[in-house]
Amino acid sequence: MKAPRPDYSVDAGQSPGTWLLRGVMRLESPEAYARAFEPIVASLTKLPAISLDLSQVVFLNSSGIRALADVLLLAREKRCQVTLFGSAAVPWQKKLASSLTALFPEFVMRVDR
Amino acid sequence: MSNLTVLGAFHEAPAQPLSAIEMEVVPIDLVTEWRRCGMIADFMADYMVYGFERRETARSVLSTVMNELVENAAKFSADARTPARASIRNHGEVVLLEIRNEASDKHVASLKELLPVLAHDDATAVFRQRLQDRRGLGLALLARDYRATVGATVEPADAGGKATVCLRVAMSAAEVEQR
């Protein structure tokens, strides 16, 4: 039997260090997120700046927010600048922008696209 | 006489809801196919949105909150084959989202520590601390991001059984619609 198709995707954008995340990200464990975010983590250790476009992520559960925070903590450690893009039309993304501003003032999350 | 222990800000339900849905789920089903957590949350949110003007927003918020509660039951039920009950009740000004399940002793201990703190301290500070301590974020996130009150009742176990926890999240209708 074939494994079900994932509800989400993590794709590299056209420019180096740009990432486009899409779909429903309600993964079951930190390990599952570590696998999903592996290419993003690899890129932030090699580049001075990366961007994550979350605007097409319909849902992200609290394990995902934890995993995203872990990415930002690592970026801070590696001195990699991170810009996040979100959509103001998606409630959790507006909330995330507010949380991130409080916790990671050095990173920008734009929720206008 | 009730032996219920109340933890944190447990919002008492007003008389009758304007609208409600309650579903029984078996945690083993959720564990074996994790996306069922989201399916249940989405279904319950879809069912309830007709009571709100800003339906797309209400769907997103209700599903987000319900998903955290259903995932909670999937992860922390004492016996994965004992059914849990999930509900959403719209009381007009306030919306109550709830999960009732037999919880592991470890989970009860964790709620006894977290919920009183969430009820009294700044939710952002609690969220930040749990992020630093690498502990679960779900309930602190709901309190912080959705200005929700989070409380629980714990019903002691029968002989040989496990305690039943009713975890309740109360949100204003304005917050559900992000007005």
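Modeller: One term before we start: contact means heavy atoms within 4.5 Å. Also, this is a predicted model.

Colleague: Fine. How do the axes of helix H3 and helix H6 of chain B cross?
Modeller: Helix H3 (residues 55-76) of chain B and helix H6 (residues 138-145) of chain B have axes that come within 10 Å and cross at roughly 160 degrees. Angles over 145 degrees count as roughly antiparallel, so H3(B) is roughly antiparallel to H6(B).

Colleague: Is the crossing of H3(B) and H6(B) left-handed or right-handed?
Modeller: The crossing of H3(B) and H6(B) is left-handed.

Colleague: Which residues meet there, in H3(B) and in H6(B)?
Modeller: On the H3(B) side they are Val65(B), Glu68(B), Leu69(B) and Asn72(B). They meet Gly138(B), Leu139(B) and Leu142(B) in H6(B). By class, the residues of this contact are 4 nonpolar, 2 polar and 1 charged.

Colleague: Changing topic. How many cavities of 30 Å³ or more does the structure hold?
Modeller: There are 3 cavities of 30 Å³ or more. The largest cavity holds about 50 Å³ of space.

Colleague: What lines the largest cavity?
Modeller: Residues of chain A and chain B. From chain A there are Leu60(A), Ile65(A), Trp92(A), Lys95(A) and Leu96(A). From chain B there are Thr64(B), Leu141(B), Asp145(B) and Tyr146(B). Helix H4 (91-103) of chain A and H6 of chain B are the elements that give two or more residues to this lining.

Colleague: Which element gives the most to the lining of the largest cavity?
Modeller: H4(A) does, with 3 residues. The lining of the largest cavity has 6 nonpolar, 1 polar and 2 charged residues.

Colleague: And what volume has the second largest cavity?
Modeller: About 40 Å³. The residues that line the second largest cavity are Ile65(A), Ala69(A), Leu96(A), Ser99(A), Leu100(A) and Leu103(A), with Phe127(B) and Leu131(B) from chain B. Two or more residues of this lining come from each of helix H3 (62-78) of chain A, H4 of chain A and helix H5 (123-133) of chain B.

Colleague: Where does the largest share of the lining of the second largest cavity come from?
Modeller: From H4(A), which gives 4 residues.

Colleague: How many nonpolar, polar and charged residues are in the lining of the second largest cavity?
Modeller: It has 7 nonpolar, 1 polar and no charged residues. Ile65(A) and Leu96(A) are in this lining, and Ile65(A) and Leu96(A) also line the largest cavity.

Conventions: Residues are numbered from 1 along each chain as its sequence is written. Chains are lettered from A and ligands numbered from 1 in the order in which they are written. This is a predicted model: local features need pLDDT of at least 70, side-chain atom pairs count only at pLDDT 80 or more; totals for chains, interfaces and linings use all residues. Side-chain values use heavy atoms; hydrogens and water are left out. Axes are lines fitted to C-alpha atoms, for helices over the stretch in contact, and angles run from 0 to 180 degrees between N-to-C directions. Angles under 35 degrees count as roughly parallel, over 145 as roughly antiparallel, 65 to 115 as roughly perpendicular and the rest as oblique. A crossing is left-handed if the near helix is turned anticlockwise from the far one by less than a right angle, and right-handed if clockwise. Ala, Val, Leu, Ile, Met, Phe, Trp, Tyr, Cys and Pro count as nonpolar, Asp, Glu, Lys and Arg as charged, and the others, Gly among them, as polar. On a 1 Å grid over the protein atoms alone, a cavity is a set of points where a 1.4 Å probe fits but cannot get out, and a pocket is an open set with protein on both sides within 12 Å along at least five of seven lines; lining residues have an atom within 4 Å of a point. Grid points are joined across faces, edges and corners, and a volume is the space filled by probe spheres set on the points.
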